[in-house]
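This report describes how two chains are arranged and examines several of their elements in turn. Please keep the sequence and the structure in view while reading.

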Protein chains: 2
Amino acid sequence: MNLDLLFRGITVLTMDDARPLLRDAYLGIEGRKIVWLDTKAPEGTAARTLDAPHFVLMPGLFNTHTHLGMSVLRGYADDYELDTWLRQYIWPAEAKLTPEAILAADALSLAEGIASGTVSFTDMYFHEPKMAELCLQAGCMANLCNAFMCLTDEYDPNTDRAFQELQVLTRDYHNADGRIKADVGVHGEYTSFPAVWELAAGFAKEHGLNVHLHLSETKREHDACVAKYGMTPAALFEKYGLFDTRTTAAHCVHVTDEDVEILAARGVTAVHDPGSNLKLASGVQRTEYLIKKGVNVSLATDSACAINTNELFYDLKLAAILHKGIQLDPALLPAAETLKLATRNGAYAQSREKESGMLRVGMDADLIAIDFDKPHLIPCHDVASSVVYSARPSDVALTMCKGKILYENGEWKTLDIERIKYDMLHVALPCVTG
Amino acid sequence: MNLDLLFRGITVLTMDDARPLLRDAYLGIEGRKIVWLDTKAPEGTAARTLDAPHFVLMPGLFNTHTHLGMSVLRGYADDYELDTWLRQYIWPAEAKLTPEAILAADALSLAEGIASGTVSFTDMYFHEPKMAELCLQAGCMANLCNAFMCLTDEYDPNTDRAFQELQVLTRDYHNADGRIKADVGVHGEYTSFPAVWELAAGFAKEHGLNVHLHLSETKREHDACVAKYGMTPAALFEKYGLFDTRTTAAHCVHVTDEDVEILAARGVTAVHDPGSNLKLASGVQRTEYLIKKGVNVSLATDSACAINTNELFYDLKLAAILHKGIQLDPALLPAAETLKLATRNGAYAQSREKESGMLRVGMDADLIAIDFDKPHLIPCHDVASSVVYSARPSDVALTMCKGKILYENGEWKTLDIERIKYDMLHVALPCVTG
């Protein structure tokens, strides 16, 4: 073997049911791929060998619902009633954001996510072709969409920026470098109407794209949909074909039992955003019920405007403890099961499950190393427990995507962090405060 | 002025209502005290000047309910049903812990807490006189107790180790170096009986000590108490004099409206342990109701055996978002209010409010510096929001107690961290796994 990188003496949390945990193991990478994973040493040479007995290697994290360009509004208007928050603060501030401001916020959010172990994002916001360029530069994966949204009665695709961006993403970036995918975005049933959904579903089918949308986030929007259409948002979207390709539905807090059956039957991923749902007072997703009924549940932060960070460790632990406390059952969502939400299930949501989301020979090297030589990770009785309940974003010592190191020992390898921080403060921030 | 240390150009989140936030400010320390705090520079000299425009200084955190010696069981038995967890795992493992093992776990937990901004602990466990020595060496503050617990019908104080430790703590360590306080510990109403409570209350009154106890953590224990005594745990403890000195009651998840009136009237602090209560499926404290009714609510992690870490930032954010999501009101527990739980209210719980818990001239220099020059803390629209919703334990750049620096830039100044990690792995851990 002619390895580019060999990890030696490591613990590997593979997320592969065939052999979940390896200790004192070797993981070898050639190009983009994992080509060796065993407790035996590979034969041959390695350009770089990393002896790291204190490292736990695991699949990189999938943050499957973000609005990264909103990070310039992190902490801008916390603790307000929802209507005040949106109408008096968020919408007016968003209206002032220039493309450059959004790009600056995108870059900082990617840097933040990558440094905390995220290898792939599902992002829904504006100016997504520029985001695609940024992700290619950063070296991470991303499913990107500027979501359809039309608050008037008539929709003209020729003047809709979201449709234009979708066309550009599909033509120029879909599958670019195995990292970027164009998703068809639909903001929500309460912000558009049947003609838009038919167009979106048709485009997704024609081009073989995934769909990304918000679904039953708040009780108010869910109930209003039932009042208006006589159907739940999930039933409505299914009727108009939005579940005909693979769909990722963010939130799903107020879905009914019948909705859950639809999601399970149609292979729709329900994204769990526990921190955002709590902070914005949307409620608590019935995650354990969704899982029990066979729905693929993935994990996400939502925007930093909602939950104030772009790192997944907080929500990972929150997902694992919240349902125990609400349902009064300490056995719900055990650590190893919860980890699937942030890894394998996220890869499925993004249609990347064949090459990513677990560590196995032949899969892409999309992985992170967590440094366990920290007081708060000692002792370690159970690796999955330690990752979920004790690890922090700052314990990520290395983030790799497709065999490329994006972050190592506090340094971003593909992004100029000082420039990014400068742009956030001097390009993006003045749009809001100036 | 002849300062030992001058912070220059800093932002100060004082937690002092008179002037909550100062920007581009100076904070001067002489000996144990804050002697200067203003946007003007002090006159005179400083032995050390720290120019830190990216630092936010705030009071150090108070972790007001811990069992630090249990950290050796961090992640030992997660995700089990409560009875299985206790009877099959935790109690048998605890029975094997030697004094040396507990001391090793204590040391590591203190190191973990100090590095994540905690300046004071309320600890209830075994071998607390040794813990007092350790806290004096570490330089932090602590209210310590080995709690009364008697599962038989007869109690003999002469053979009770908890009573012996209480006497030693009171005689040799109470008020030691202004850092240590002896508390009278009562484990809970379900693990002792009236004669024990009368002894405890009498001792507390005689020596002017605070009381620390568990109260209505689970519905089962609360209901069993009502069935057995015809009174709630709070009413029962009040009757037997345990609220006659200042008392800190951990959990208070299932307290009734009448209980809340008792707690408010008697100045009892209700400790909020949101992470532990969720993970152990105890439920959710009605924190916003307690606060509204005038109860002093402080914050805590509980043991690392329950919630797997000894750092308060996770629970700080959790306290601020959980009640919003459960009560469906995004305006509950705003960031600045939630910060009081971890600072001022904690100082009150420990009877340290005259000298600690806020930054003001004349108060002790019990403070932390948070480094805001991190991607996830940019931009900062509101300092309190950023601390509560975006900051991580790893952002603590400096922890100081009584003017002494305990931790700075990744280094523990009073503790030998390599020795501590070694002892945890080679002294404490073998007790459990060997």
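Through which surface do the copies meet?

## Symmetry and the shared surface

The model discussed here is predicted. In this model, 100% of the interface residues of chain A are also interface residues in chain B, so the copies meet through the same surface. Chain A can be superposed on chain B with an RMSD of 0.0 Å by a turn of 180° and a shift of 0.0 Å along the axis. The two copies are therefore related as by a two-fold rotation axis. Among the residues of chain A, Ser394(A) comes closest to this rotation axis, its C-alpha lying at 3.3 Å.

The contact draws 53 residues from chain A and 53 residues from chain B. On the side of chain A that touches chain B, at least two residues each come from helices H1 (82-95), H2 (99-115), H9 (274-279), H11 (313-327), H14 (383-390) and H15 (417-433) of chain A. H15(A) gives the most to that side, with 5 residues. By class, the side of chain A that touches chain B comprises 28 nonpolar, 13 polar and 12 charged residues.

## The nonpolar core

The largest nonpolar core contains 309 residues, and those with the most contacts inside it are Ala200(A) and Ala200(B). Apart from residues up to four places away in sequence, Ala200(A) touches Phe148(A), Val184(A), Val186(A), Val211(A) and Leu242(A).

Helix H11 of chain B covers residues 313-327. At 1.5 Å a residue, its 15 residues should span 21 Å, and the end C-alpha atoms are 22 Å apart, which agrees. Of its 15 residues, 14 are buried, so H11(B) is largely enclosed by the rest of the structure. Just after H11(B), Leu328(B) adopts a positive phi of about 55°.

Helix H12 of chain B (residues 335-342) is also mostly covered, with 7 of its 8 residues buried. The buried residues of H12(B) are Ala335(B), Ala336(B), Thr338(B), Leu339(B), Lys340(B), Leu341(B) and Ala342(B). What covers them includes strands S8 (61-66), S14 (269-272) and S15 (296-299), together with H11, helix H13 (344-349) and helix H14 (383-390) of chain B.

Ile180(B) lies in strand S11 of chain B, which covers residues 180-186. Is Ile180(B) buried or exposed? With 23 C-beta neighbours inside 10 Å, Ile180(B) counts as buried, because the threshold for burial is 20 or more. Leaving aside neighbours within four places in sequence, Ile180(B) is in contact with Ala132(B), Cys135(B), Leu136(B), Ala142(B), Leu144(B), Tyr173(B) and His174(B). Ile180(B) and Ser120(B) are 60 residues apart in sequence and 9.4 Å apart in space, C-alpha to C-alpha.

In chain A, Ala397(A) is placed in strand S15 (residues 396-401). Ala397(A) has 21 C-beta neighbours inside 10 Å and therefore counts as buried. Which residues does Ala397(A) contact, leaving aside its neighbours within four places in sequence? They are Phe55(A), Ala369(A), Ile370(A), Asp371(A), Glu408(A) and Asn409(A). Between Ala397(A) and Ala200(A) there are 40 Å in space, C-alpha to C-alpha, and the two are 197 residues apart in sequence.

Note on methods
Residues are numbered from 1 along each chain as its sequence is written. Chains are lettered from A and ligands numbered from 1 in the order in which they are written. This is a predicted model: local features need pLDDT of at least 70, side-chain atom pairs count only at pLDDT 80 or more; totals for chains, interfaces and linings use all residues. Two residues are in contact if their C-beta atoms, placed from the backbone, lie within 7 Å. Helices (H or I, at least four residues) and strands (E, at least two) are DSSP runs, numbered from the N terminus. Ala, Val, Leu, Ile, Met, Phe, Trp, Tyr, Cys and Pro count as nonpolar, Asp, Glu, Lys and Arg as charged, and the others, Gly among them, as polar. A nonpolar core is a set of buried Ala, Val, Leu, Ile, Met, Phe, Trp, Tyr and Cys residues joined through C-beta atoms within 7 Å. A residue is buried if 20 or more other C-beta atoms lie within 10 Å of its own, exposed if 12 or fewer, and partly exposed in between; C-beta atoms are placed from the backbone. Copies are superposed by least squares on the C-alpha atoms of residues with pLDDT of at least 70 in both. The expected span of a helix is 1.5 Å times one less than its number of residues.
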